[in-house]
Amino acid sequence: MPMFSSVLKGPRKESAEGKPTVGSPLLKVPEKKRERLRGKIIGGREARPHSRPYMAFLDGQRGEKKYMCGGSLVHEHFVLTAAHCSGDQITVLLGAHNIHKKEESWQEIKVHRQIPHPKYKKKTREKDIMLLQLEHKANLSEQVGIIRLPQPGEAVKPGSVCGVAGWGQTNVIFGDSSNVLLEIDLQVLGDTICEDHYSCYYDPRTMLCVGDFKGNKSSFQGDSGGPLVCDRVVQGIISWGPNNAAPPEVYTKVSRFIVWIKNELAKLKKPLDIPGFFS
């Protein structure tokens, strides 16, 4: 099954039966589909500057290759993202709208420690979640803020409309990324839809099924690790999906990992003292 992020090798693709296979080349998009798939984030709109102060842009490096991902600030010292966004070095940019136009609100902070879930599986994207401990704490402001985490085990009802944002590719053909933060609204779908599409690759215990079958909207390469926000709570993390950006897409279910997240944050020397940290 192909993935959103350009940081991984060995992408998945759909077989002729519509089931995912691992390590296959990227899908080619038929000519007749190209025009339909062009658009923003894909199919998105420019976000109001700094309306999502929790958004983090991840500037990563693996060997000599650069890559990008998204993330969300969940604590002054930590950014939440996808485990497949790991690399040799990562710098986090907070307080940005246009990532090529520096503002006073920018905070560029190197990652001190990458903490992927200990049971993350690269080939199947199981438990695709990671915390990034920053070298120093972020300075909270109107442009840089913390997003709430869900309660452990909290469920998102199918049919819920949630927001996604990112600086990733704006179409599946040319690989153009966006300078400004783009956003879209996507619907949380029933687990059976992703189970039918992806068979044994989809685990409803740790994944969310998300998509838009009508509006040609999708997150895509470079958006990986960004948050799915429902009622101002980060319920999902962009993980993987078809390489032609067609729905449905699969997100990591954050509520399944709250105990792990809380335990990692508690390892800081200073106590976790942010009021209302959890929703």
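The model is predicted, so local features need pLDDT of at least 70 and side-chain atom pairs count only at pLDDT 80 or more, while totals for chains, interfaces and linings use all residues. Residues are numbered from 1 along each chain as its sequence is written, and side-chain values use heavy atoms, with hydrogens and water left out.

**Cavity**
- The count is one cavity of 30 Å³ or more; a cavity is a set of points on a 1 Å grid over the protein atoms alone where a 1.4 Å probe fits but cannot get out.
- The largest cavity has a volume of about 50 Å³, a volume being the space filled by probe spheres set on the grid points, which are joined across faces, edges and corners.
- Its lining residues (those with an atom within 4 Å of a point) are Ala47, Arg48, His50, Ser51, Arg52, Pro53, Met55, Gly95, Ala96, Gln143 and Leu181.
- By class, the lining of the largest cavity has five nonpolar, four polar and two charged residues. Ala, Val, Leu, Ile, Met, Phe, Trp, Tyr, Cys and Pro count as nonpolar, Asp, Glu, Lys and Arg as charged, and the others, Gly among them, as polar.

**Aromatic pairs**
- The structure holds two aromatic pairs, that is, rings of Phe, Tyr and Trp (its six-membered ring) with centres within 6.5 Å.
- One of them joins Phe57 and Trp167: the ring centres are 5.6 Å apart and the planes meet at 85°, so the pair is edge-to-face (planes over 60 degrees apart; under 30 is stacked and the rest tilted).
- Phe57 belongs to strand E4 (residues 55–62), and Trp167, 110 residues apart from Phe57, to the loop between strand E10 (161–166) and strand E11 (182–189). Strands are DSSP runs of at least two residues, numbered from the N terminus.
- Phe57 and Trp167 are both buried, meaning under 20% relative accessible area with a 1.4 Å probe and protein chains only; exposed is over 50%, and partly exposed is in between.

**Charges over rings**
- The charged end of Arg62 sits over the ring of Tyr67, 5.8 Å from its centre; the term requires NZ of Lys or CZ of Arg within 6 Å of the ring centre and within 35 degrees of the ring normal.
- The charged end of Arg256 sits over the ring of Phe257, 5.8 Å from its centre.

**Single residues**
- Ser72 lies in strand E5 (residues 65–75) and counts as buried at 1% relative accessibility.
- Beyond its neighbours within four places in sequence, Ser72 has contacts including Tyr54, Phe78, Ile147 and Val234, where contact means heavy atoms within 4.5 Å.
- Arg45, in strand E3 (residues 45–46), counts as partly exposed at 38% relative accessibility.
- The C-alpha atoms of Arg45 and Val180 are separated by 9.8 Å, with the two residues 135 residues apart along the chain.

How values were computed
On a 1 Å grid over the protein atoms alone, a cavity is a set of points where a 1.4 Å probe fits but cannot get out, and a pocket is an open set with protein on both sides within 12 Å along at least five of seven lines; lining residues have an atom within 4 Å of a point. Helices (H or I, at least four residues) and strands (E, at least two) are DSSP runs, numbered from the N terminus.
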